Amino acid sequence: MSGACILVDADACPVKDEVYTVAWRHEVRVWIVSNAFLRVPAHPLIERVTVGDGFDAADDWIAERTDDRSVVITADILLADRCLKAGGTVLSPTGKPFTAGSIGGAIATRAIMADLRAGGDQLGGPAPFSKADRSRFLQALDTALVRLARMPAKG
């Protein structure tokens with residue numbers, strides 16, 4: 001892909017409207033990737049990609065297209081890891097960046113939690129999505145796009 005772009009793991013993403021707002025301001029292309037049909041604004045910068053319900057189909061589509069000019073929006077830790085390895089900038093919907101330094105711990109925590117759930121432990125889910133999360137996300141996405149705009153173009 002040429003130029004900066006945003007790839008959204010969209011099925012359960014609570015910040016799609018925020019992505020559109022920031023993308024329009026920065027004039028950046030957005031791919032909304034999901035397993036099922038989702039409504040997206042009719043705008044030349046926004047493209048809907050429906051990949052079907054194959055296991056990891058949306059993740060595979062996103063990971064295969066991620067490069068150092070991509071901002072990936074996902075809460076999926078394993079997808080975040082794949083996209084980081086491809087050189088992408090990865091943000092959670094709460095605005096928390098996934099980084100090379102933090103992804104190992106996140107993967108380990110995910111594995112521990114999966115083991116606890118498999119053992120029958122009753123675990124609470126994530127905290128409810130808040131206005132502070134939305135605000136933090138907007139700031140993080142804006143910052144990421146400004147950084148990418150300052151990167152020299154490949155050529």
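The structure is a predicted model, in which local features need pLDDT of at least 70, side-chain atom pairs count only at pLDDT 80 or more, and totals for chains, interfaces and linings use all residues. Residues are numbered from 1 along each chain as its sequence is written, and side-chain values use heavy atoms, with hydrogens and water left out.

**Whole chain**

Begin with a cartoon of the chain, which has 5 helices and 6 strands. Helices (H or I, at least four residues) and strands (E, at least two) are DSSP runs, numbered from the N terminus. Along the sequence they follow the pattern β-α-β-β-α-β-α-β-β-α-α. Colour next by accessibility: of the 155 residues, 40% count as buried (buried means under 20% relative accessible area, exposed over 50%, partly exposed in between; 1.4 Å probe, protein chains only). Among contacts (heavy atoms within 4.5 Å) with a separation of 6 or more, 47% are between residues 24 or more positions apart.

**Strand E4 and its partners**

Select strand E4 (70-73). Strand E1 (5-9) runs parallel to E4 and is joined to it by 4 bridges; strands pair if DSSP finds at least two bridges between them. Within this pair, leucine 7 stands opposite valine 72. E4 also pairs with E5 in the parallel sense, over 3 bridges, and here valine 71 has threonine 89 as its bridge partner.

Now show the side chains of E4. Ser70 and Val72 point one way, Val71 and Ile73 the other way, and all are buried.

**The nonpolar cores**

In soluble globular proteins, nonpolar side chains tend to be buried together. A nonpolar core is a set of buried Ala, Val, Leu, Ile, Met, Phe, Trp, Tyr and Cys residues joined through side-chain atoms within 4.5 Å. Select Ile6, Val8, Val71, Ile73 and Leu141, which touch the most other members of the largest core, a set of 24 residues. E1, H1, strand E2 (29-34), E4 and H5 each supply at least two residues of this core, and H5 gives the most, with 6 residues. A second, separate core of 18 residues includes Ile62, Val72, Ile77 and Val90.

Centre on valine 8: beyond its neighbours within four places in sequence, its contacts include Val19, Val30, Ile32 and Ile73.

**Helix H5**

Select residues 131-150. This helix, H5, has 20 residues and reaches 29 Å from first to last C-alpha, close to the 28 Å expected (1.5 Å times one less than the number of residues). Which residues of H5 are buried? They are Asp133, Phe137, Ala140, Leu141, Ala144, Leu145 and Leu148. They lie on the same side of H5, because they cover an arc of only 130° around the axis, taken from the directions from the helix axis to the C-beta atoms. On the other side, Lys131, Gln139, Ala149 and Arg150 are exposed. The cover over the buried residues includes E1, helix H1 (16-26), E4 and E5.

**Glycine 95**

Finish in the loop between strand E5 (89-91) and strand E6 (97-98), where glycine 95 lies. Glycine 95 counts as buried because its relative accessibility is 6%. Beyond its neighbours within four places in sequence, glycine 95 is in contact with Arg136, Phe137 and Ala140. Its C-alpha atom is separated by 7.4 Å from that of arginine 134, 39 residues apart along the chain.
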